[in-house]
Amino acid sequence: MSFAALRRPALRLLELLGVLFIASIGVFSLVVLLPGDPAVDILGAGRAPSEYAALRTELGLDQPLVTRYLDWLGGALTGDLGRSVVPPQSDVTDRVLSALPVSFEIAALGLLIALLIAVPLAMWSAYREGSAADRIIGAGTFGVLSVPSFLAGLLLILVLANSAGWFPRSEWVRMGDGDLLGNLHHAFLPALTVALAELAMFTRVLRGDLIVTLREDYILAARAKGMNPLRVLFTDALRPSSFSLVTLLGLSLGRLIGSTVVVEYLFSLPGMGTLIVNAAGQGDYPMVQGAVLTIAVIYVVINAGIDLSYGYLDPRTRRVHV
């Protein structure tokens with residue numbers, strides 16, 4: 001393999017490492033520089049000054065900021081994110097590894113549902129631009145976007161859980177317990193709640209890109225030759241129109257893993273959003289740092305992979321060298 005072929009991936013890897021380093025500084029500083037005293041948050045007010053001093057020493061809070069950051073970063077690089085300072089004390093890594101699959105599953109299922117609905121809707125809307133169907137789809141997606149996720153979740157619970165009784169209101173069955181159907185049964189409503197806003201956004205973005213692509217000369221030539229419309233849409237128009245959608249998909253997956261706090265609260269899910277909110281409320285700063293760093297790493301890595309996928313979506317980008 002030539003040096004030129006290796007240059008772009010190498011540069012991307014260096015950029016990725018630089019972004020992750022900056023993210024680690026931001027995550028550490030975000031929590032450490034917040035006003036207040038973690039020792040007071042943990043022990044409560046009214047304790048003896050010696051007790052607060054002893055806890056600060058135990059947690060390493062009496063060390064210089066740079067030393068604390070380097071110790072924390074060194075542990076994170078080896079998979080040790082520290083230990084919770086709020087009872088019941090446990091390893092941050094274990095808690096994150098327990099909560100992460102829940103949030104990841106809800107986010108991935110939500111995006112899958114959104115894509116399965118959004119892609120056909122966007123293709124039909126773009127192909128029938130200006131028609132009644134296009135206007136109905138546009139109005140529908142705009143209406144869905146205007147509904148907050150907590151309200152959509154409450155409506156789904158009211159109709160599908162409380163009234164129809166088709167899905168459970170709360171509780172969670174882990175996929176690792178061997179009950180795949182039970183897991184999907186519990187995950188469907190939260191995933192559908194997540195999917196509603198995403199599918200509306202995906203539909204509008206993909207429709208706009210498809211409309212531009214369908215006006216390209218090679219698409220017009222294919223239509224003039226009498227090629228099957230479905231073949232034109234799927235083989236000629238969809239792939240080059242997917243740049244914005246793929247970028248949005250990567251951003252959404254990274255964002256949803258840590259931002260589905262409302263959905264997790266509504267359905268009592270033990271995910272990352274619930275973990276971070278509870279830890280922040282209790283002053284458990286090692287838990288907050290470890291969980292937010294995990295989400296930041298996932299977010300950056302996913303988007304780096306999305307960036308590299310552009311070469312497959314459009315071969316023309318392979319000829320662009322940094």
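Modeller: One cut-off to start with: buried means under 20% relative accessible area, exposed means over 50%, and partly exposed is in between. R207, at 24% relative accessibility, therefore counts as partly exposed. Keep in mind that this is a predicted model.

Colleague: What does R207 form a salt bridge with?

Modeller: With D134. The closest N and O atoms are 2.8 Å apart. R207 sits in helix α8 (residues 180-213) and D134 in helix α6 (residues 132-145), so the pair ties together parts that are 73 residues apart in sequence.

Colleague: And is D134 buried or exposed?

Modeller: Buried, because its relative accessible area is 6% and the cut-off for buried is under 20%.

Colleague: How many salt bridges does the structure hold?

Modeller: Two. D91 and R83 form a salt bridge as well, with 3.1 Å between the closest N and O atoms. D91 is partly exposed at 34% relative accessibility. R83 is partly exposed too, at 44%. As for the general idea, side chains of opposite charge can pair when their charged atoms come close.

Colleague: Back up a bit. What does the secondary structure of the protein chain come to?

Modeller: 14 helices and zero strands.

Colleague: What percentage of the residues count as buried?

Modeller: 40% of the 322 residues in the protein chain.

Colleague: Pockets next. How much space lies in the largest pocket?

Modeller: About 510 Å³. Its lining has 24 residues. Those nearest the centre are L59, G82, R83, Y285 and P286. R83 is also the salt-bridge partner of D91.

Colleague: Which elements give two or more residues to that lining?

Modeller: α1 (3-32), α3 (49-59), α4 (65-77) and α14 (285-313). The largest share is from α4, with five residues.

Colleague: And what is the lining like by class?

Modeller: Eleven nonpolar, eight polar and five charged residues.

Colleague: Now the outside. Which residues form the nonpolar patch on the surface?

Modeller: V147, F150, L151, L154, L155, L158, V159 and V262. Together they have about 650 Å² of accessible area.

Colleague: Which helix gives the most to the patch?

Modeller: Helix α7 (residues 149-163), with six residues. L155 lies in that helix. L155 has a relative accessible area of 45%, so it is partly exposed; a patch residue needs over 30%.

Colleague: Last one, V144. Where is its place?

Modeller: In helix α6. V144 is partly exposed, at 28% relative accessibility.

Colleague: What separates the C-alpha atoms of V144 and E198?

Modeller: 9.4 Å. The two residues are 54 residues apart along the chain.

Colleague: Great, that covers my list.

Notes
Residues numbered from 1 in each chain as written. Predicted model: local features only at pLDDT ≥ 70, side-chain atom pairs only at ≥ 80, totals over all residues. Heavy atoms only, no water. Patch = residues over 30% accessible without salt bridge, like charges linked within 9 Å, V, L, I, M, F, W, Y side chains within 5 Å. Areas by Shrake-Rupley, 256 points an atom, 1.4 Å probe, with all protein chains shown as cover. Salt bridge = Lys/Arg side-chain N within 4 Å of Asp/Glu carboxyl O. Helix = DSSP H or I, 4+ residues; strand = E, 2+ residues; numbered from the N terminus. Buried < 20%, exposed > 50% of the residue type's maximum accessible area, 1.4 Å probe, protein only. 1 Å grid on protein atoms, 1.4 Å probe; cavity = no way out; pocket = protein on both sides within 12 Å on 5 of 7 lines; lining within 4 Å. Points joined across faces, edges and corners; volume = space filled by probe spheres on them. Nonpolar A, V, L, I, M, F, W, Y, C, P; charged D, E, K, R; others polar.
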